[in-house]
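Please look through the sequence and the 3D structure below before reading on.

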Amino acid sequence: MNDFIPVIASELRTRVAAIAGACVGLASTLWLSACAPVGPAYEKPDVTPPKAWVSPAETPVPSKVVAAAAELTQWWRMLGDSTLDSLEERAMAGNLDIETARSRVRQARAARTSAASAADPTLDAVGSASRARTPTRNGGATSNQFRAGFDAGWELDLFGATRRNVEASDAAIESAVENVRDVQVSLAAEVAASYVELRASQEQLAIARRNLEAQRQTLELTQRRHANGFVSKLDVLNAKSQV
């Protein structure tokens, strides 16, 4: 019986070593897999605009417009109207929709900072002080006690949740910034459209006034010709109806 004890002990040691090696390998695998985030990495979408909106073979583009294509953020300045420039600047400065969109950008950036801070270690400091007096025969003794300590912690990002949250926050910031630009483009278009409509109405009114003045001059001339017997009363009535 005693002869089998060394054999059994050797077999146990072999199996224990095999199990320990398997555990180490499994732990290494888990550690390496924990370093890789879950899911595909975020890739910024390609939103590069085309170099030309129309084909040069279909519609020739003036060289002046091509030269100013890089200034699309303030496209209305291409019209050369100082009044429109002033209206656009005032609209951009005082529009509440733009301010709301900008506040969302600030919120997205704050959320990104909060998400990134989850991967940072934390350090807490604790301190206390106490004072005690112990009565003695000579009157008493006073003692002071001071305590100070630090508590540090760090949460391992096992499955890449923190990194994915940071990537999602970055995407949210980009979306919020693009939303600000979208609001600015819409506002600029509305202001410009209203201004152009106003200018068109003013031009139509000016043309109507010039036509009215021309018809009055025609009526006056017709009345003079009728007074001298060159035209009939019907011509005078027609001139009045034109006025």
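The model is predicted, and a confidence score called pLDDT comes with each residue. For the protein chain the mean pLDDT is 76, and 59% of the residues reach 70 or more. In residues 65-70 the pLDDT is below 50. Beyond near neighbours in sequence, that stretch has three contacts in the model.

How many helices and strands does the protein chain have? There are six helices and two strands. Their order along the sequence is α-α-α-α-β-β-α-α. The chain has 243 residues, of which 14% count as buried. Contacts can also be sorted by separation along the chain: among those between residues at least 6 apart in sequence, 65% join residues at least 24 apart.

One helix packing can be followed in detail. Two packed helices are described by the angle between their axes and the distance between the axes. Helix α3 (residues 82-94) packs with helix α5 (residues 161-227) at an angle of about 145°, and their axes are 10 Å apart. The crossing of α3 and α5 is right-handed. On the α3 side, the contact is made by T83, L84, L87, E88, A91 and M92. On the α5 side, the residues are Q184, L187, A188, V191, A192, Y195 and R199. Sorted by class, this contact of α3 with α5 has nine nonpolar, two polar and two charged residues.

The next topic is the core. The largest nonpolar core has 16 residues. Those with the most contacts inside this core are W76, L84, M92, I98, L187 and V191. Helices α3, α4 (96-117) and α5 each supply at least two residues of the core. Which helix gives the most to this core? That is α5, with eight residues. L187 can be looked at on its own: leaving aside neighbours within four places in sequence, L187 is in contact with E88, A91, M92, N95 and I98.

A172 is found in helix α5. With a relative accessible area of 37%, A172 is partly exposed, because the range for that class lies between 20% and 50%. A172 and R104 are 68 residues apart in sequence, and their C-alpha atoms are 9.6 Å apart in space. R216 is also found in helix α5. At 46% relative accessibility, R216 counts as partly exposed. From R216 to A239 there are 23 residues in sequence and 8.1 Å in space, C-alpha to C-alpha.

Not counting residues up to four places away in sequence, V236 touches L219, T222, Q223 and H226. Of these, Q223 is 13 residues from V236 along the chain, and the C-alpha atoms of V236 and Q223 are separated by 6.0 Å.

Definitions and conventions
Residues are numbered from 1 along each chain as its sequence is written. This is a predicted model: local features need pLDDT of at least 70, side-chain atom pairs count only at pLDDT 80 or more; totals for chains, interfaces and linings use all residues. Side-chain values use heavy atoms; hydrogens and water are left out. Axes are lines fitted to C-alpha atoms, for helices over the stretch in contact, and angles run from 0 to 180 degrees between N-to-C directions. Helices (H or I, at least four residues) and strands (E, at least two) are DSSP runs, numbered from the N terminus. A crossing is left-handed if the near helix is turned anticlockwise from the far one by less than a right angle, and right-handed if clockwise. Contact means heavy atoms within 4.5 Å. Ala, Val, Leu, Ile, Met, Phe, Trp, Tyr, Cys and Pro count as nonpolar, Asp, Glu, Lys and Arg as charged, and the others, Gly among them, as polar. A nonpolar core is a set of buried Ala, Val, Leu, Ile, Met, Phe, Trp, Tyr and Cys residues joined through side-chain atoms within 4.5 Å. Buried means under 20% relative accessible area, exposed over 50%, partly exposed in between (1.4 Å probe, protein chains only). pLDDT is the predictor's confidence in each residue, from 0 to 100.
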